[in-house]
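The sequence and the model come first.

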Amino acid sequence: MKHLEKLNNAKPFLKVLLIGFIIILMQIPVAMLRGVIWEREGSRDSVVADVTSKWGHHQELMGPVMVVPYRVEVKPVYTEDEKKKGVVKESTYITRDAMFLPATLKVVADVESDELYRGIYEVPVYNSKIKLSGQYKERKFTGWDIEEKDILWHRATVNFFISDARALSSATDLTWGKDKLKLEPGSNFGTGTGIHAKLTKEQAKLATRGFAMDLSLKGSEHLYVAPMGSQTNIHITSDWPHPSFQGNWLPVERKVSKTDAPGFDAKWEVNLLGRNFPERWLGLRAHEESMSRSYMGVRFKVMVDEYSMALRSVKYDVLFMVMVFMTLWMFEVLSGLRIHAVQYVMVGAAMCMFYLLELSLAEHIGFLWAYCIASSMVCGLVAGYCKTVLQTGGRASVVAGVLSLLYAYLYMLLVNQGYALLAGSMGLFGVLAAVMYLTRNIDWSGEREAGPVTTG
C-alpha cells in the first residue's frame, strides 16, 4: 500500500501509468461479465432449441420432383476358362432413377406469426398455409440411351422434400390432373424427409399433367422454398413486421408495413436459365448440392437480440473507463485535487455494473428501456460519489455529463452498425484533440512546484 500511495501522489506521468494499471485491473470483472452474457445466451439458445424441436424447426420446402426408376443391364463378365468352356451367363439388372421437374410452379404461402414462452424467454414461431400448383410437360427419356422396356413407369413417384416433416399439420391429397393421389410419408430424394405420392403407369406417362396440393406447416426462424419449376413464382404474405429476405434471389416485389397493419407481402420470380440445375437428369444425387443452394424466402428476424447487443456494448468498456478516468485526472492536474487510486477503482466498479444491469433488465423489459434505466442508475451513482470526491457538485456534474454523453454515443453506435466505424473514429479524434489541448501545459516530469496547472 505504501508503494501505491507514493505512486498515487507522484508525477503526472506516473499517475497516468497508475490509472492505466487500474483500467487493466478492471478487465477482470469485465471478462467475468462476458462469461455471464455467454452463459445467459446459451440458456436462451437451449430453450429455443427445445421449444422449436417440439413445435417445428426452420422449414425448407423443395418439390415436386417426379422420380421414375429404370433398369440398367449389367452384362456378364467371363474368365478365359469360362470362354473356352462356352459358359453362358444371364445379364443382371440394377435400378437407377430419372428425375423430372415441373414446367411451372406456383407457391402461395400465408404465414401467421406467434410467440411461445418458457420462463422469461420468448420464442418466435409461425403457422403457414401453403398452396402449391403447376404443370408437368411430357416426361421424355430421349438422349439417354434408355429403351422404353427398361423404364419402370409403374414405380414412378411425385416427391416433396420438407426439412422438418414432423411439423406438417395437414396436407390435402395431391391433385394430379383429374386424379386424387394419396400422400405417404417419406421422400425419394434429398435426406428422405417429406412426403410422396405413387403414380400408376398411365398417370406417369400422360403427356401433360397439372398438379395442386395444400399444406399446413409449422416452423420457426425461417421459411425457404426452392425454385423447382422452369418458371417459378413464389408469393409469401405474413403479419410479421420485421422480415429479412434471404436466398439466391430477392423479391421482385415487396411491401413491408410496421404500423397500421403490420406485416409483409413479397413475390419472387425465377426461370430455368437463372438456376444451376436442369429440368431433368439421371441419378438422385446428381444435382443435390445445386438444389440445396437454390432456396429463397424469408427469415423471421428478431430486431433486437439483447445478448448480442450486450456483448457489443462490453467491447467499449476500455474507452468508457479511459474517458471517465481522464476526466477525473484532468480535475487533479487542473485543480490541484488528489484522487486516490481506490476512488478510481470505485468509479470503475460502478461502470462495470452498467453491463450487468443492462443485461438483467433487458431479459424482462427489452433492450431500449434496459439501456436507459441502467445508464441512468450508473450516472446517478457516479455523480453522487464524485460530488464528495471532487468536493463540488459542479465538478461531479461534469463527470456525470461526460458519462451520459458516452452512453448516448454508445447507443448510437449499437443501433447504427453501418456508421459505427465512422462515428467511432471521429469521436476518438475529437476526444484526443480535447485532451491534447487541455494537457498542453502539464509538466509531465513533475519538476515544477506542485499546484494547479493553468491552461491559458
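## A buried histidine

A residue is called buried when its relative accessible area is under 20%, and exposed when that area is over 50%. In this predicted model, H196 has a relative accessible area of 9%, and therefore counts as buried. The residue belongs to strand β10, which spans residues 194-198.

In soluble globular proteins, nonpolar side chains tend to be buried together. The largest nonpolar core here comprises 64 residues, of which F141 and L174 touch the most other members. Strand β1 (residues 59-74) makes the greatest contribution to this core, supplying seven residues.

Not counting residues up to four places away in sequence, F141 touches V68, Y70, A98, F100, I146, I151, W153 and R280. Another core, of 57 residues, lies apart from the largest one and has Y307, L328, I339 and A350 among its members.

## Helix α9 and the residue after it

Helix α9 is formed by the 25 residues 341-365, and the distance from its first C-alpha to its last is 36 Å, close to the 36 Å expected at 1.5 Å a residue. After α9 comes G366, which has a positive phi, near 95 degrees.

Conventions: Residues are numbered from 1 along each chain as its sequence is written. This is a predicted model: local features need pLDDT of at least 70, side-chain atom pairs count only at pLDDT 80 or more; totals for chains, interfaces and linings use all residues. Side-chain values use heavy atoms; hydrogens and water are left out. Helices (H or I, at least four residues) and strands (E, at least two) are DSSP runs, numbered from the N terminus. The expected span of a helix is 1.5 Å times one less than its number of residues. Buried means under 20% relative accessible area, exposed over 50%, partly exposed in between (1.4 Å probe, protein chains only). A nonpolar core is a set of buried Ala, Val, Leu, Ile, Met, Phe, Trp, Tyr and Cys residues joined through side-chain atoms within 4.5 Å. Contact means heavy atoms within 4.5 Å.
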